[in-house]
Amino acid sequence: MKLLVTGGAGFIGSAFIRLSLGTDPEVEILNLDKLSYAGNLENLEPVRQNPRYAFVHGDICDAALVNSLLEKHRPEAIVHFAAESHVDRSIFSPSPAFETNLRGTFTLLEAARIQRIGRFLHVSTDEVYGSLAPPLEADENFPLNPSSPYSASKAGSDLLARSYFLTYHLPVVVTRASNNYGPYQFPEKLIPLMITNALSDRSLPVYGDGMQLRDWLYVEDHCRGIWAVLKKGRDGEIYNIGGNRSLPNLEVIRMILAATGKPESLIQTVQDRPGHDRRYALSSEKIARETGWQPLVRFEGGLAKTIDWYQRNSGWVHRVRSGEYLKYYAQNYENRQAELRSVTDAGGR
Ligand code: NAD
Ligand code: DAU
């Protein structure tokens, strides 16, 4: 199968490419990625020399480029990962999320329609359902209720993708996964940020009371779910992909501290994220029933493998945690600490 993968230099896209080329000798992949701050060709070093892999440096918003790639390579399917994927960045600066997640997805859909691509898999997120009070669980028909510019842009792109199925019969499928973790994740997200900070004895910034619930999915389980939907999903359908392991953030952080042998005194409460979703919860009954997919990696084992990877790849961590990352870190976390101090000084909390 010949695929165009977008955003394949990021965390999940690169895992998908490594896994696919490593396990299926029939797969050929063309990876289109603009190498934003989150794109890193080091993530693809294991497949760089593979004759079934090729990289194109470019933007999914560039219609001429996307059209010419589809025309020249005639992929059987597009697997669309490329996105501005971080909630906090979308709060500071919403426009990149709207540009890539909405206009970029539109550009790809339009090119796929013109070039009559046989399958368009749009990778989305459980964040489109918004925060759910217990005991609610979102199935694929649950109303969309996004809270952040990031999740609103993903919800918009899901609807756009669906409209291309309903209007033009483009064979679109949408997947909505829960929080991923694993090797090569950019250390702006909870688990890699806490692991890399703990390993270097820095403080671990917890937003608010740390009791927000996320459902954790090992990245390779997500990639296997994407393959299951690519092969067996029905055109026009949406498939949730959850990890079936809901944990409060503080519990995850304590597990990381215990596994790295670091003290709980590293935990530092900081100002909460505006519009912070309290709880995500997903039903993955449909993908299990229709494709037989199940998550295979237990959280304890996946976390241990992830921590081990960050310990063994200190060079990768060192290179990623420089330049732009340091500026982002200062902007996000210094302000949060200052804001929390001002609230506390005023007797607010
Ligand atoms: P990431 O931020 O690690 O990687 C995003 C990749 O997209 C980067 O390589 C970046 O260079 C590329 N990119 C960004 N803008 C681009 C553009 N305009 N043109 C071409 N390439 C561009 O993201 P991730 O965590 O790997 O997420 C991948 C996808 O999965 C996203 O669509 C995200 O919404 C979705 N998702 C993520 C999670 C999660 O927990 N990380 C969970 C569910 C769904
Ligand atoms: O649910 C799927 C989504 O998961 C994906 O669509 C997004 O791309 C991905 O970024 C992720 O979004 P979250 O906002 O849930 O992930 P994040 O890692 O940013 O935060 C997870 C939880 O941890 C959330 O409740 C906020 C909290 N947090 C996060 C950071 C970075 C902290 O308490 N401190 C932090 O420093």
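This is a short tour of a predicted model, stop by stop.

**Stop 1: the largest nonpolar core.** Select Leu3, Phe16 and Val79. Of the 33 residues in this core, these three touch the most other members. Now colour the elements that supply two or more residues each: strands S1 (2-6), S4 (77-80), S5 (119-125), S6 (172-177) and S10 (238-241), with helices H1 (11-23) and H7 (219-232). Which helix gives the most to this core? Helix H7 does, with 7 residues.

**Stop 2: a second core.** Next, select Met194, Leu303, Trp309 and Val320. They are among the 31 residues of a second, separate core. In soluble globular proteins, nonpolar side chains tend to be buried together.

**Stop 3: two helices side by side.** Select helix H4 (residues 95-114) and helix H5 (residues 149-168). Their axes come within 8 Å and cross at roughly 15 degrees. An angle under 35 degrees counts as roughly parallel, and H4 and H5 are therefore roughly parallel to each other. The crossing of H4 past H5 is right-handed.

Show the side chains where they meet. On H4, look for residues including Phe98, Leu102, Phe106 and Arg113. On H5, the partners include Tyr150, Lys154, Leu160 and Tyr164. How many nonpolar, polar and charged residues make up this contact? There are 11 nonpolar, 5 polar and 3 charged.

**Stop 4: Val270.** Select Val270 in strand S12 (residues 267-270). Is Val270 buried or exposed? Val270 is buried, at a relative accessible area of 0%. Val270 and Asn335 are 65 residues apart in sequence, and their C-alpha atoms are 9.3 Å apart in space.

**Stop 5: a cis peptide bond.** Zoom in on Pro134 and Pro135. The peptide bond joining them is cis, with omega about 5 degrees. Pro135 sits in the loop between S5 and H5.

**Stop 6: two positive phi angles.** Go to Leu35, in the loop between strand S2 (28-33) and strand S3 (53-57). Leu35 is not a glycine, yet its phi is positive, about 55 degrees. Leu35 is partly exposed, with a relative accessible area of 28%.

Finish at Tyr184, in the loop between strand S7 (179-181) and helix H6 (190-199). Phi of Tyr184 is also positive, near 70 degrees. Buried means under 20% relative accessible area, so Tyr184, at 15%, counts as buried.

Notes
Residues numbered from 1 in each chain as written. Chains lettered and ligands numbered in written order. Predicted model: local features only at pLDDT ≥ 70, side-chain atom pairs only at ≥ 80, totals over all residues. Heavy atoms only, no water. Core = buried A, V, L, I, M, F, W, Y, C linked by side-chain atoms within 4.5 Å. Buried < 20%, exposed > 50% of the residue type's maximum accessible area, 1.4 Å probe, protein only. Helix = DSSP H or I, 4+ residues; strand = E, 2+ residues; numbered from the N terminus. Axes fitted to C-alpha atoms, helices over the stretch in contact; angles between N-to-C directions. Parallel < 35°, antiparallel > 145°, perpendicular 65-115°, else oblique. Left-handed = near helix turned anticlockwise from the far one by under 90°. Contact = heavy atoms within 4.5 Å. Nonpolar A, V, L, I, M, F, W, Y, C, P; charged D, E, K, R; others polar.
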